[in-house]
Amino acid sequence: MTATNTTTARKLTGNIGAEITGIDLRSSISEIDAADLRDCLAKHQVIFLPDQHLDLEQQKALTSVFGPALQLPYVTPMDAEPEIIRVYRGAEEKGGVFGGDWHSDFSFLEVPPSGSVLNAHTLPPYGGDTLWASQAAAWDALPDALQDLLLGRDAIHVGKPYGVKWAPPVKEQSGAGIKMSRGDPTADEEMKHPAVLQNPVTGRRMLYLNPTYVTRLDGLSEAESAPLLDQIQRHVTRPEFCIRHPWKPGTIAVWDNLATQHYAVNDYQGHERLMYRTTFSGLSPRDMAALPDKAPRVAAE
Ligand code: SIN
């Protein structure tokens, strides 16, 4: 598919992800290229732009193409760069990695990030890939009984890793390369979001659930929700709904945070990895709630 005269998007899997070439993000981004990038993101849910090698100002300029930059709670940003998180893991660190389980970024906020931008700087000699799962493709293929259960229902999201009540055991927490607040009771507050969203651009429906932050479905207890959420999560992360991205220095990834979950693979202990991450805001999940009827499904492209 040609996005502009010079910009080309190449699908990388049947359901999620495209590589965008023919654009230099170090130069100012024209309005036509910006519109194409937004369009590609809406269609493909995660886009990869290789060989960009952006500095932080250029990364911020790219981020603003998609929406206003967000400053996130509970994670300490870079000194003098409140919008940028330095996702760093040192060679000496052991234990978990930041983002090392399936999640959608900060889904427990009232207005979670609409998307994120990850800029690959220093990479291990092997490993350190990131996976994304399409919650839109997963919705399309979800059995009718589960669609009926979820349409029009809210799910409860909590900032579990940063709070008290649901905090993971210390051994599962991310390493020391990123400073995160732990044990903050404000992160235990519950936030309700619709379990099924509808993209206002494409009309496509998508699940909005993830195991890192969702504690239960509204109207059901944690114990009643757990087997359903587990079954849905196994479905969302079926390989045919996922893409696994092996990074190269200078590659930029941009993802739709409301249409995907992602997972940072923890398999490069003894080696350094450094990425710079920005996030941008847009509509709230409530603004994107799918109508509670069985409207025809919008087929994946
Ligand atoms: C994240 O944003 O969750 C981290 C992703 C990564 O480091 O690959």
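Reader: How far is an oxygen atom of the ligand from an N or O atom in the side chain of threonine 130?
Author: This is a predicted model, in which local features need pLDDT of at least 70 and side-chain atom pairs count only at pLDDT 80 or more, while totals for chains, interfaces and linings use all residues. Residues are numbered from 1 along each chain as its sequence is written, and side-chain values use heavy atoms, with hydrogens and water left out. For threonine 130, the distance from an N or O atom of the side chain to a ligand oxygen is 2.5 Å.

Reader: How much of the ligand does the protein bury?
Author: Taken alone, the ligand exposes 260 Å² (Shrake-Rupley method, 1.4 Å probe). Of that area, the protein buries 99%.

Reader: Is asparagine 119 buried or exposed, and which side chain does its own side chain meet in a polar contact?
Author: Asparagine 119, found in strand β5 (a DSSP run of E, at least two residues), counts as buried because its relative accessibility is 3%, where buried means under 20% relative accessible area, exposed over 50% and partly exposed in between, with a 1.4 Å probe and protein chains only. At 3.0 Å, its side chain makes a polar contact (a pair of N or O atoms within 3.5 Å, one able to donate a hydrogen and the other to accept it) with the side chain of glutamine 59.

Methods:
Helices (H or I, at least four residues) and strands (E, at least two) are DSSP runs, numbered from the N terminus.
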